[in-house]
Amino acid sequence: LKKFVSRAMDDYSDRRNLPDHDGTSLLSPWLHFGELSPRQVWAAVAARSKDSGVFPPSNGARVFLSEIGWREFAYHLLFHFPHTPERPLRVEFEKFGWAEDVGGQKLRAWQRGQTGYPIVDAGMRQLLATGWMHNRVRMLVASFLVKDLHLPWQWGARHFMQHLVDGDLASNQHGWQWAAGTGTDAAPYFRIFNPISQGKKFDPDGAYVRKWVPELANLPKAAIHEPWKLSPLEQVNAGCLVGEDYPLPIIDHRWARQRALDAYKAAKTMA
């Protein structure tokens, strides 16, 4: 906490969305286990304001404290709506028509980081290897499960709780409800993360993908988030044959996006 507040907090708002940078506080496991409290975090940030008399001391500090606030908000939601770990907060989604997954093939591909979308796979493999995942990528992989694969958010929430070292029931479940559009202050149903454009925006050089999806390590920067666009010769030169060494996309994002939009619109109309 002292290291983050003194060295990295002021840049938090600029660097927190870059998964290959140490731009987040990494405090969530210690908050989860109670070794740090939100009050201690708040006090540490406030102590930085003594010299200037300005609180919060920077925009990075303001954004960081707002994230601590969202964490506490999740606990209040869990207390007042104790059914939300398994059921949607918004009743119109109680009978939402999720897709079938015969044999669990799509869920397993997502869990193992074998979807064919590099930044999604990088995040899922980081989770399996370390018990942690960068927050921006958590949102991406959640959006992919519920809006591209159209699978229930409860499945993703359960997988996260099985593997995250910072797996708070409140934060995790309500984060998933936010991503699925079924909770309070939820992402609008029409907000569907594009795994390709998000990868290009937040991992532009592909450093995060290359670390966690090593079979793509030798791909050129221009193709790191769309390896299927490489010609067969380019794939051979990069040492990665798409469809053999690394999977083709398990679903077409453009088609899946429209399916999700139609399903969410129908659910709101029926409500």
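Reader: What should I know before I start?

Author: The model is predicted: local features need pLDDT of at least 70, side-chain atom pairs count only at pLDDT 80 or more, and totals for chains, interfaces and linings use all residues. Residues are numbered from 1 along each chain as its sequence is written, and side-chain values use heavy atoms, without hydrogens and water.

Reader: At what angle do α9 and α10 pack?

Author: Start with the terms. Helices are DSSP runs of H or I with at least four residues, strands are runs of E with at least two, and both are numbered from the N terminus. Axes are lines fitted to C-alpha atoms, for helices over the stretch in contact, and angles run from 0 to 180 degrees between N-to-C directions. Now the case. Helix α9 (residues 153–163) packs on helix α10 (residues 169–180) at about 150 degrees, and their axes are 9 Å apart.

Reader: Which residues of α9 and α10 meet?

Author: Contact means heavy atoms within 4.5 Å. From α9 come Trp153, Gly156, Ala157, Phe160 and Met161. From α10 come Leu169, Asn172, Gln173, Trp176, Gln177 and Ala180. Sort them by class: Ala, Val, Leu, Ile, Met, Phe, Trp, Tyr, Cys and Pro are nonpolar, Asp, Glu, Lys and Arg are charged, and the others, Gly among them, are polar. The contact of α9 with α10 has 7 nonpolar, 4 polar and no charged residues.

Reader: How does α7 pack with α9?

Author: Helix α7 (residues 118–130) and α9 pack at about 35 degrees, with axes 9 Å apart. Met124, Leu127 and Leu128 of α7 touch His159, Phe160 and His163 of α9. By class, this contact has 4 nonpolar, 2 polar and no charged residues.

Reader: Which residues of α9 are buried?

Author: Buried means under 20% relative accessible area, exposed means over 50%, and partly exposed lies in between (1.4 Å probe, protein chains only). In α9 the buried residues are Trp153, Gln154, Gly156, Ala157, His159 and Phe160. They pack against α6 (105–112), α7, α8 and α10.

Reader: How many aromatic pairs are there?

Author: Rings of Phe, Tyr and Trp (its six-membered ring) pair if their centres lie within 6.5 Å; planes under 30 degrees apart are stacked, over 60 edge-to-face, and the rest tilted. The whole structure has 14 aromatic pairs. Take Phe160 and Trp176: their ring centres are 5.1 Å apart and their planes stand at 80 degrees, so the pair is edge-to-face. The pair links distant parts of the chain, with Phe160 in α9 and Trp176 in α10, 16 residues apart. Phe160 and Trp176 are buried. Elsewhere, Phe93, Phe96, Trp98 and Tyr264 form one aromatic cluster.

Reader: What lies over the face of Tyr264?

Author: A charge sits over a ring if NZ of Lys or CZ of Arg is within 6 Å of the ring centre and within 35 degrees of the ring normal. Lys147 does this for Tyr264, at 5.5 Å from the ring centre.

Reader: Where should I look along the backbone?

Author: Check phi first. Leu26 has a positive phi of about 60 degrees although it is not a glycine. Leu26 sits in the loop between α2 (12–15) and α3 (28–32), and is partly exposed at 37% relative accessible area. His150 also has a positive phi of about 60 degrees, and is not a glycine. His150 lies in the loop between α8 (135–148) and α9, where its 3% relative accessibility counts as buried.

Reader: Which peptide bond is cis?

Author: The bond from Phe55 to Pro56 is cis, with omega near -5 degrees. Pro56 lies in the loop between α4 (38–47) and α5 (59–80).
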